[in-house]
Amino acid sequence: SPLKRAYDTAVIAGETVHFGELQKTDTLLPGSSRTDLLELLTQHKSKKRLMIVGHEPDLGRFAAYLLGSSDSSLEFKKGSLCRIDITAFPPKGFGVLRWLLSPRQLRMLKK
């Protein structure tokens with residue numbers, strides 16, 4: 001997301017997990033459509049790993065969609081991270097939730 005807090009979070013997370021360049025996009029602004037986000041992800045389908053930093057409730061709904069639910073949401077606290085593995089873009093079938101960590105859990109891992 002191009003909004004300051006999300007971008008700052010992306011910088012910190014990206015440095016921690018050694019991601020490369022950051023890209024700001026209006027596609028991750030609050031109220032964005034799932035279709036637009038899927039299109040954006042498809043543009044990056046050649047990448048093995050992709051980190052998305054966005055806003056609730058949209059990010060939680062999109063995560064749930066990747067896991068096979070079109071009418072529910074994962075709850076992300078500010079600063080949470082999760083990993084969802086998918087096999088293709090656009091997603092065919094359900095993704096697999098590998099982990100979902102709260103800010104408190106992330107702080108504990110840092111120690």
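**View 1. Lys4 and Asp8 pair within helix H1.** The side chains of Lys4 and Asp8 meet in a salt bridge, 2.8 Å from N to O. A salt bridge here is a side-chain nitrogen of Lys or Arg within 4 Å of a carboxyl oxygen of Asp or Glu. This is a predicted model: local features need pLDDT of at least 70, side-chain atom pairs count only at pLDDT 80 or more, and totals for chains, interfaces and linings use all residues. Residues are numbered from 1 along each chain as its sequence is written, and side-chain values use heavy atoms, with hydrogens and water left out. Helix H1 covers residues 4–16, and the two partners sit four residues apart in it, about one turn of the helix. Helices (H or I, at least four residues) and strands (E, at least two) are DSSP runs, numbered from the N terminus. Lys4 is exposed, at 62% relative accessibility. Asp8 is partly exposed, at 33%. The cut-offs are under 20% relative accessible area for buried and over 50% for exposed, with partly exposed in between (1.4 Å probe, protein chains only).

**View 2. Arg61 and Asp58 form a salt bridge.** Their closest N and O atoms are 3.6 Å apart. Both residues belong to helix H3, three residues apart, so about one helical turn separates them. Arg61 is partly exposed, with a relative accessible area of 46%. Asp58 is also partly exposed, at 23% relative accessibility.

**View 3. A salt bridge links Asp85 and Arg98.** The closest N and O atoms of this pair are 2.8 Å apart. Asp85 lies in strand E1 (residues 81–85) and Arg98 in strand E2 (residues 96–101), so the bridge ties together parts that are 13 residues apart in sequence. Arg83 joins Asp85 and Arg98 in one network, through salt bridges that share partners. Asp85 is partly exposed at 24% relative accessible area, and Arg98 is partly exposed at 48%. By the salt-bridge rule, the count comes to four.

**View 4. Seven residues make up the largest nonpolar core.** They are Leu28, Leu37, Leu38, Leu40, Leu41, Phe62 and Leu66. Such a core is a set of buried Ala, Val, Leu, Ile, Met, Phe, Trp, Tyr and Cys residues joined through side-chain atoms within 4.5 Å. Helix H2 (34–43) and helix H3 (58–66) each supply at least two of its residues. H2 gives the most, with four.

**View 5. Leu37 touches Thr27, Leu28 and Phe62.** This list leaves aside neighbours within four places in sequence. Contact means heavy atoms within 4.5 Å. Leu37, Leu28 and Phe62 are among the residues of the largest nonpolar core.
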